[in-house]
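Here are my notes for your review. Please read them beside the coordinates.

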Amino acid sequence: MLKCDFHYQHADFILNVELQMQQQLLGIVGASGSGKSTLLKNIVGLLQPQQGWIQFNNRILLDTQRQIHVPMHQRKIALIFQNALLFPHMNVQQNLSYAEKLVSKPERKFHFADIVDLLELKSLIQRKAHQLSGGEAQRVSIGRALLSSPNLLLLDEPLTGLDNKLKQQILPFLKRMKQELNLPMIYVTHHLQELEYLQADIVQLNQGQLQNK
Amino acid sequence: MLSPEELSALYLSAKVALFATVFSLPFAVALGWYLARYEFRLKFLVEALLQLPMVLPPVVLGYLLLVLFGNQGFIGQYLNALGIQLAFNWKGAVLASMIVAFPLMVQPVRLSFQLMNQQLDQIAGSLGAAPWKVFWSINLPLAIPGIVMGSILCFSRSLGEFGATITFVGNIPDETRTIPIAIYSFLQQPNGEDTAMRLVALSLVLAFSALIANYFILQKYQRKLGA
């Protein structure tokens, strides 16, 4: 599972993280500006800590002392952003296949059809990104991330920007993912209710420091 | 109907413009990408050099090309030894067109890369796409409107190129006499005005068609992207 101990600084903001993730769904709650997205970006490899290490399933992804830095595309960690960005020149099927084709057949964890069923995407499959509602686009982006067969899925406030009705539509999908897929996930949000609904183990991020809740 | 001389000028212009566009394209995409995505110390110098052909008198450019690529020029003498002759040759007209039209091609390409949402790169990277794969599968297809626009501008500008071309490669029928040079030649001849006027009309039709094609291609692509 995920273990990390690192220090990241940008201008005045300091993030000190010491984390051992053992559970399948870890929820991180924190106010805006507490460093939630920064934490995920460090784990996925978009940002690089000045000092420390990150390890997943005994594989070292980053170690500043030994100058090890596994590039983002080799980490097998998928990140879902707040705004569900799909590749605009592809339809839903192509967006999903894009991720699937990046993984060799023997390494694929999920079947295309299963993910389409799980997230109820069948009726959307020929639509272009701009023809989807926010909630539909977010479901596709989750499906696309799953089809990249990650070892760890990071969700960065995936329901932000959606109205309550859409949130209530997507949360059950996330719960099904937790129940049906054996995939470790970190879910970051500033809405505690979402994490409670998903029955996640919750830690709090406060001004760049993780605290047990 | 067009006379053999007019047809030759038309064929030569189209050939020169097409080669200039095709050869410029990879350089324009590479430079457009680099300028859009990277900051470096001497960027201001690259920017100034890139824009230079737009502000220099075309005759000056032609003369510089002659000094560099003429048969006895700094570079030309070595190319000559390899059997490559650019001065007073249609290939030289391609080089002159490439240099004059290059800034017009780079700018739309660069803007396309610059305006692209860079989070798409991050998403593709986190899905497992290597940087080269992200470039080919995400960045390049999304830059197509800029690439098409740049190519059409380059093609149209090459069709109209006169000053640098006549200085570097001269005015040789069937070799370097493109439409603008042919218009100039006919205007110098007694009773050549009618032919010159037909070529002017032809130039207008070609340039206008290229810009209309540009409009429809962009419309089609924007519909595809839902923009």
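Does Asp174(B) count as buried, partly exposed or exposed, going by its C-beta neighbours inside 10 Å? Point 2 takes this up.

1. Ground rules. This is a predicted model, in which local features need pLDDT of at least 70 and side-chain atom pairs count only at pLDDT 80 or more, while totals for chains, interfaces and linings use all residues. Residues are numbered from 1 along each chain as its sequence is written, and chains are lettered from A and ligands numbered from 1 in the order in which they are written.

2. Asp174(B). The residue counts as exposed because it has 12 C-beta neighbours inside 10 Å. The cut-offs are 20 or more other C-beta atoms within 10 Å for buried, 12 or fewer for exposed, and partly exposed in between, with C-beta atoms placed from the backbone. Asp174(B) sits in the loop between helix H9 (163–169) and helix H10 (179–188) of chain B. Helices here are DSSP runs (H or I, at least four residues), strands are E runs of at least two, and both are numbered from the N terminus. Its phi is near 65°, a positive value in a residue other than glycine. Most residues other than glycine have a negative phi.

3. Asn191(B). Phi is again positive, near 65°, and Asn191(B) is not a glycine. The residue lies in the loop between H10 and helix H11 (193–225) of chain B. With 7 other C-beta atoms within 10 Å, Asn191(B) is exposed.

4. Helix packing in chain B. H1 (residues 4–37) and H5 (residues 90–115) of chain B pack at about 40°, with axes 6 Å apart. Axes are lines fitted to C-alpha atoms, for helices over the stretch in contact, and angles run from 0 to 180 degrees between N-to-C directions. H1(B) and H5(B) are therefore oblique, a class left over after under 35 degrees (roughly parallel), over 145 (roughly antiparallel) and 65 to 115 (roughly perpendicular).

5. Core. The largest nonpolar core has 112 residues, and Leu154(A), Tyr187(A), Ala96(B) and Met105(B) have the most contacts inside it. H5(B) gives the largest share, 14 residues. Such a core is a set of buried Ala, Val, Leu, Ile, Met, Phe, Trp, Tyr and Cys residues joined through C-beta atoms within 7 Å.

6. Trp53(A). This residue is in strand E4 (residues 51–56) of chain A. Trp53(A) is partly exposed, with 17 C-beta neighbours inside 10 Å. Beyond four places in sequence, its contacts (C-beta atoms, placed from the backbone, within 7 Å) include Cys4(A), Phe6(A) and Leu62(A).

Terms used. Two residues are in contact if their C-beta atoms, placed from the backbone, lie within 7 Å.
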